[in-house]
Amino acid sequence: MSTLLYALGRWATRARVLVLALWIALLALLGAGAALFGQGANAPITIPGTESQQAITELGRTFPEVSGTSATIIVVAADGQRADDPSYERIIDEAASELEGVDAVTAVQTPFSEQASGGLADDGSAALITVQLEGEVSSVSDATVEGIEQVTEQIRDRLPTGAEASYGGEAFSAAVPGISPTEAVGVVIAFIVLILTLGSLIAAGMPLLIAILGVGVSIAGMFLVTAFADLTSTTPMLALMLGLAVGIDYTLFIVSRHQEQLRAGAEVEESIARATATSGSAVVFAGLTVIIALVGLSVAGIPFLTALGVAAAAAVAVAVLISVTLTPAIMSMAGMRILPKKHRRALAAPPSEPGEPSAPERAEGATASPSTGSGNAAAHAPSRADRFFAGWVRAVTRRPVLTIVAVLVALGLAAVPALDLRLALPNATSLPADDPARVTYELTGEHFGEGHNGPLLLTGSIITSEDPLGLMEDLADEVRQVPGVADVPLATPNMGADTGIIQVVPEEGPHAESTTELVHTLREHHDEWLQQYGVSLAVTGFTAVGIDVSEMLMHALLPFGILVVGLSLILLAMVFRSVWVPVKATLGYLLSVGAAFGAVVAVFQWGWFAEPLHVSATGPVLSFMPIILMGVLFGLAMDYEVFLVSRIREEYVHGAGAHDAIHRGFVGSAKVVTAAALIMFAVFAAFVPEGDPSIKVIALGLAVGVFVDAFVVRMTLVPAVMALLGDRAWRMPRWLSRVLPAFDVEGEGLAREIEHRQWPSDMPHAVIAADRLALRGGLRLPELRVSPGETLLLDPRDPLSLPLAEVLTGRGSIVTGTVKVDGLLLPERASSLRARSAWADPESLRDALRDRPSVVVLDLRAAGERPMPLSLVESAHSALAAAQIDGVRGSAPAPTVIALGSRELAERLLPRGAVLVAPSRPAAGRPEPAPALPGLPDHPLAPAAGEQKGL
């Protein structure tokens, strides 16, 4: 990964204008497509397959008049008057007539309709006008909404003084999220943090601009996709929030590493490539964890949640891609200006006297302290931030057990409110207090009871009944006897008398636990009523759908949590080659999730800090908040774990003791991790005060989760646990190390490749080179050199030969030593070498060479045990000769051949003039080449005497 990103960084540096132009063109193209073809993100939240959703779908076919969404207009009489007075009745009837002419209205019911059985408050203080609409909430047109609003205004104008009218209902219960100026505050805070961290306006503006461009590409692409797929209104806002936060952080990590390398004296282009390779690898890993967790939302089996997770994952993927491509290009354009002026001056000024600090040392000194002067002491003086974080890590590791216990107790208490977590889909109570839908909801609850805000619907087929009206009335009587039912205002068959509906008003509101229990109780009566009346009744309606969605999401938390925790353990074990580090990181993640859930419950259910955070009403939280928060926070927690612990591991690998490695690694990474956490916290927190209700709860959970995870878990608990573990923190069983693939996050392999770029110095052009090579089983090879055009001969009787051939094709493991094949350093580039190499016997050689491998092992072990037909000898020889000719002509590179067999057989098959080289032994010299014929390699002559048919 690091090698690939190193090459990508170099390419982006040289093609900087092209890279920038491509990203701008992509934004323009997607933006134009979204404007022309986008349908908007307003899909309803549904779960196909649930009883409530299946019933609604069936009603759409058999009883379309009640299958769509609905609106409500409430008329409240003035004090001392009744809503059924003739003056009010006339106004309501006129409004009903006008509503019937509104687009998409299928039915209007008032308390004064012929078949009305409800709609008037018991005390006569209010009346309800129910407007049935075509389609779902998302399909209600602006013309329909405006028509209902205008009729309501006309009612207000006609009502006497003191009376009131308001519109609302299911069709108005959810608002489309928008962006408010408050979100910009988070960006401003992020910019301030970037200036303090990077010390340069150019450097600080770079992460912001790149992140905003990436978010623009993501959102434009998302709205273009709405031409082909449905997305909920929450999806773009979540993608915006995530894309902006991770986009800024990912670019920050790369820019910060680039600045650090420039101050150390690296050239601009080389520094950009290395920063992209090292920090870019960590960015790719961190982004990959977020993407996997978001795509993992699909385990819930809920289509809208899957679409939301995939869309958010796409936004994170764009953030990763733009970070590792556009960031190198922009850094190349900035050149040395990415550093503050004082650092540039320190690097530009040569030392005036011998013994004075070098330019890089002076730049480091300038970084370390703002008041740096000349001299070595100043050059190495720690900065104020370094001293602060050094004191922090000393404090938390001085008594690690005490620190661990304190953190566990604090976060345990913070998670206590999470035990009271209740889930529901948003309704009008989550809207602002002055929103008409919220006013209507509260007036309805006040005058009719809370149950009227969440009616249920029972529906079933009555096609076999001979008395549909009587049957529906009998069923209504049965339903009235169920505990928790306040009223049954409607029980009627459709026009075809094949489907019946029963409207049920619960005693309490749609979010009440008693309403959820009522839904389950009604479903428990299914078999009883089926046996008694022959009708299979299903419970549906907006409230029942919300209950089904919430319960299904709650049940999905456990499998999703197992997926996330298991993924965390595996990924971190791959990165850190440790058992304890992943276990500690995963437990820390669970603590952060518990604290985030606790904060959400305390604010949105218990009402703590509700007024300053502009929480308009308390109650159950958004159904899909927990699973989204778990997925997103998992990825972000792994970000901080990787960036902090990888620096500690780097110090440990380079020889520092366990305790010193914790201190040095923490001080070296804490500043950037702190900046990244503060930026994410600011971006998420900015969506809380004025955010959409659905986004507000997710944003608060993420803001608290990020803060706790970064500062309490990663920067307090993690150093204490690692100090307690000592060297044991970095141990892994050998069998597990062999099973798990390695992921070079910090670019150690890249650093080794760069170090060996001109190796071996005695033969830089060697196609195969090895020094002090040790393989499994105690096999050793002091030295090996193979020049271009030479063939390596391995004697199959030597136990070293087969393992060496496997290593030289990227298929074997190395214990120690340095090996380079075809310019690829092993084991870092083993996978690339495997793709370039082939392993063939004489029969399959021609097919193997068609793929034009760089290295080919000619396995002659079986051929040496039995005679080989002359035709096969000729075929193998001609194939090798043709490959060599192509190499001479330049049409294709000639492969390096490793012959695993006897010298006699190899000389027979190889082109004339081939040079055979055997692995060196302490007393062995280089073999002389076989005699060559002039000109190009030719066909072998006749077989040797006595070998007329084969070898």
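Colleague: Where does P827 lie?

Modeller: P827 sits in the loop between β15 (824-826) and α29 (830-836). Helices here are DSSP runs of H or I with at least four residues, strands are runs of E with at least two, and both are numbered from the N terminus. This is a predicted model, where local features need pLDDT of at least 70, side-chain atom pairs count only at pLDDT 80 or more, and totals for chains, interfaces and linings use all residues. Residues are numbered from 1 along each chain as its sequence is written, and side-chain values use heavy atoms, with hydrogens and water left out.

Colleague: What makes the peptide bond from L826 to P827 cis?

Modeller: Its omega is near 10°. Most peptide bonds are trans. The bond from W759 to P760 is cis too, with omega near 0°, and P760 lies in the loop between α27 (748-755) and β11 (768-774).

Colleague: Why is F609 called exposed?

Modeller: Exposed means over 50% relative accessible area, buried means under 20%, and partly exposed is in between, with a 1.4 Å probe and protein chains only. F609 has 60%, so it is exposed.

Colleague: What is the phi of F609, and of H614?

Modeller: F609 has a positive phi of about 55°, and H614 has one of about 60°, although neither is a glycine. Most residues other than glycine have a negative phi. F609 lies in the loop between α22 (580-604) and β10 (621-622), and H614 is also placed in the loop between α22 and β10.
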